[in-house]
Amino acid sequence: MLFKQLLAFRPSRLDLIFACKTFVAGMLALFISFELDLINPMWSIGTVLIIASPYSGMVSSKCVYRLVGTIAGAIIALLLTPHFINTPWLFTIILSLWVGFALYISLLDRTARSYVFMLAGYSTAMIAYNAITYIDTYNIFDIALARVLEISIGVIATAVVSATFFPVHVGAMIKQRVNKTLSDLESTFERLIKVQDEPENYTQVLSVITRDASDIHALAVHLAYEKGELNGMTKPLQEMLHQVSLVVANLVALSQRVKQLQQMQLVDLAPHLNRIHQHTLAFLKQERALVPSDLQQLPVGFEEDFAELIAMASSEQQIVLAALKMDVRHFIANILAVKLIWQQIQQGQKDIPAEITAITTKYPSLHRDHGIAIRGGISAVLITFIVTGAWILSGWKTGFMMAQMGAITACILTALDNPVPVLRIFIWGSVVSAGLVFLYAFGIFPHVTHFWQLALVLFPVFLVAVTMMANQMLMPIGMVLGINTMMGLNLHNQYTMDAVSYLDGSFGMILGVLVSLIVINLVRAISPDTSATRILALHYQAMRQTLYLSYGSDFKIHLRSMLDRVGVLNTKMVQNTEIKTAIQHALVESSSTVDLVRLQEISQKLPQQTALQSELNVLQQQLADYFYAQEKQLSINHFPIHIVQQIERLQRMAQQVEDVQLHQRLLISLNNICESIGHVSTEQMYSDIYGLGVSHG
């Protein structure tokens, strides 16, 4: 498969421009390092390849984060090494724990900032390893300072070239993706409330929108580091994406109500539904500049159209239509809020209107997988300890190369569910790069006497490696070929390379990756199915927590994190059909959490109805038990029969509620819970109510 991709690979014009820019930055960094006669100039050119990106904002942010992480790692190395260098095993333990802890923190932060923590971890190890290797030549401060200077030169060269020559701004890409997301939301709504003979499944489309919103949220961090479109709009853009999650929840709820209605007889209602559809679309598609007061507006005749429609419906249809009306109203308000924020962002306004309840928190309310972070941290501790311990026991002079590669590969790929396949590519790429190093060191470099000649002979490697890095499928191969070749060449002003040091260095690099592969395979690697199952357990834990929330900003923040979790779930390449079904259910269930909140709200407004309150409390406890059971043992079966029977009992008792609005809200919430959380079909629900005895899953 990979071989076919390599044969089919054809770099585009933009890929070639990106490769040439990276080459210019790499040669500039290498030339400056040579002129300053730094200890390891290879790290300057290696840094250029590591932080290379087609987008200037991404480059600038990675530059800042890499520099900050390197400085932090240098400081930690300066604090630890002098005190523990004479107690190698204690030093190994402390160093391993630090690398693992830094990686754990890095894996919890799903933004570009995570790079700081990861780099601080393995930079400490690399500086310490070099200090030990060159202890007779350089002191620890010189090595730490040289490391910071080498990284700084690579960072500055990359940032200058990226921003100066043919800059490509991430803001333009984000703008394009946001416009596509808004268009997808409106087109989904347009198709959704149109009466059709066969119900469509919109869950997959809305899942993709949720995943895209999570991706854009992470990309928005880079806007602060470029001067293109949307510069400085990270916070308002992220708030807009939080509001998009509410729109997605509305659309999912709408799709469930439409599916219910399509299971009923709609021959007489279809013309009226289509009229509401036309009026709503005409209202949303008006070309106008929005103001905050527009958020309260509804299409002309909205209430009258629904009142006429509900009056014509049967009793069971009236409940679903009332729920549909509420969902359409919320969708209109939320999509207008999103459009207003987006309009203000494009006008350069950062303040969120007071009429919109902001749900951005100081610490973003996104999914964080502590389990994966802990396993990643443990694997980094073990790998760092093993490679360092092997170096100590063997006394192998070039063992520091094994230790360095072990520490690096323990960290850089652990965001993946299963890093092992990429590490295998890393090993084979290391073998190929070792062959390239041999060709350059013993076949080409003996004939190179000037810097321009060096640049000329290195250009082909840059061209091939960086154009591959621009391709998502071939990026691991490109990075391994480029970075390992440049690092393996170990370029210096006074260049020397002998067969022993070449073989030692190449073998050490491959061995370090091999140790990482074995440990990660045993400790860290999990299949996408297992990863999805673990996240689904967190989903049901969040569902259980919703039962005890009140409606407001706290609930919206909670819902945002749940929908972000669904976005993460939809990135998993699961194979099990039951898990795929459960992931689709998770989006539907998340959209109906507002009905769980309403149960508590309604119960508090019925102090005179003690029997009804008591039965509502019973249902809440049954739901809590059900979510807890799902958390412990995932099952895609529908509600247990006793929960459906309890909902039916409450539907009959709802007739006791004299307040028309409360009565209607209670019936709507019970209907939505049964349909969207219990996944009980309308036919089953009403067959049970009228005594037909249809069984549940």
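The model is predicted. The protein chain contains 27 helices and 0 strands. Of its 697 residues, 56% count as buried.

**Overall make-up**

- Taken along the principal axes, the box filled by the C-alpha atoms of the protein chain has dimensions of roughly 90 × 50 × 45 Å.
- Among contacts in the protein chain with a separation of 6 or more, 80% are accounted for by residues 24 or more positions apart.

**Helices H11 and H12**

- Helix H11 covers residues 270-284 and helix H12 covers residues 302-312; their axes come within 10 Å and cross at roughly 165°.
- Angles over 145 degrees count as roughly antiparallel, and H11 and H12 are therefore roughly antiparallel to each other.
- The crossing in which H11 passes H12 is left-handed.
- On the H11 side, the residues that meet H12 are His 272, Leu 273, Arg 275, Ile 276 and His 279; on the H12 side, they are Asp 305, Phe 306, Glu 308, Leu 309 and Met 312.
- By class, the residues of this contact of H11 with H12 comprise 5 nonpolar, 2 polar and 3 charged.

**Helices H6 and H7**

- The axes of helix H6 (residues 114-133) and helix H7 (residues 140-164) cross at roughly 135° and come within 9 Å.
- H6 and H7 are therefore oblique to each other.
- The crossing in which H6 passes H7 is right-handed.
- H6 contributes Ser 123, Met 126, Ile 127, Asn 130 and Ala 131 to the contact, and these residues meet Ile 140, Ile 143, Ala 144 and Arg 147 in H7.
- The residues of the contact of H6 with H7 divide into 6 nonpolar, 2 polar and 1 charged.

**Aromatic pairs**

- A pair of aromatic rings is described by two quantities, the distance of the centres and the angle of the planes.
- The structure holds 21 aromatic pairs.
- One of these pairs joins Tyr 440 and Phe 445, with 5.6 Å from centre to centre and 50° between the planes, and the pair is tilted.
- Tyr 440 counts as buried because its relative accessibility is 4%.
- Phe 445 likewise counts as buried, at 8% relative accessibility.
- Elsewhere, Tyr 540, Tyr 626, Phe 627 and Phe 639 are linked into a cluster by ring pairs.

**Phe 442 in helix H16**

- Phe 442 lies in helix H16, which covers residues 420-444.
- With a relative accessible area of 33%, Phe 442 is partly exposed.
- Phe 442 and Asp 498 are 56 residues apart in sequence, and their C-alpha atoms are 8.5 Å apart in space.
- Leaving aside neighbours within four places in sequence, Phe 442 is in contact with Met 497, Asp 498, Ala 499 and Tyr 502.

**Phe 459 in helix H17**

- Phe 459 has its place in helix H17, which covers residues 451-469.
- Phe 459 counts as partly exposed because its relative accessibility is 28%.
- When neighbours within four places in sequence are left aside, Phe 459 is in contact with Cys 20 and Phe 23.
- Phe 459 and Leu 90 are 369 residues apart in sequence and 44 Å apart in space, C-alpha to C-alpha.

**Loop residues with positive phi**

- Asp 37 is a residue other than glycine with a positive phi, near 55°.
- The place of Asp 37 is in the loop between helix H2 (13-36) and helix H3 (42-50).
- Asp 37 has a relative accessible area of 56% and is therefore exposed.
- Phe 166 is not a glycine either, and its phi is positive, at about 45°.
- Phe 166 is found in the loop between H7 and helix H8 (170-192).
- Phe 166 has a relative accessible area of 61% and is therefore exposed.

Key:
Residues are numbered from 1 along each chain as its sequence is written. This is a predicted model: local features need pLDDT of at least 70, side-chain atom pairs count only at pLDDT 80 or more; totals for chains, interfaces and linings use all residues. Side-chain values use heavy atoms; hydrogens and water are left out. Axes are lines fitted to C-alpha atoms, for helices over the stretch in contact, and angles run from 0 to 180 degrees between N-to-C directions. Helices (H or I, at least four residues) and strands (E, at least two) are DSSP runs, numbered from the N terminus. Angles under 35 degrees count as roughly parallel, over 145 as roughly antiparallel, 65 to 115 as roughly perpendicular and the rest as oblique. A crossing is left-handed if the near helix is turned anticlockwise from the far one by less than a right angle, and right-handed if clockwise. Contact means heavy atoms within 4.5 Å. Ala, Val, Leu, Ile, Met, Phe, Trp, Tyr, Cys and Pro count as nonpolar, Asp, Glu, Lys and Arg as charged, and the others, Gly among them, as polar. Rings of Phe, Tyr and Trp (its six-membered ring) pair if their centres lie within 6.5 Å; planes under 30 degrees apart count as stacked, over 60 as edge-to-face and the rest as tilted. Buried means under 20% relative accessible area, exposed over 50%, partly exposed in between (1.4 Å probe, protein chains only).
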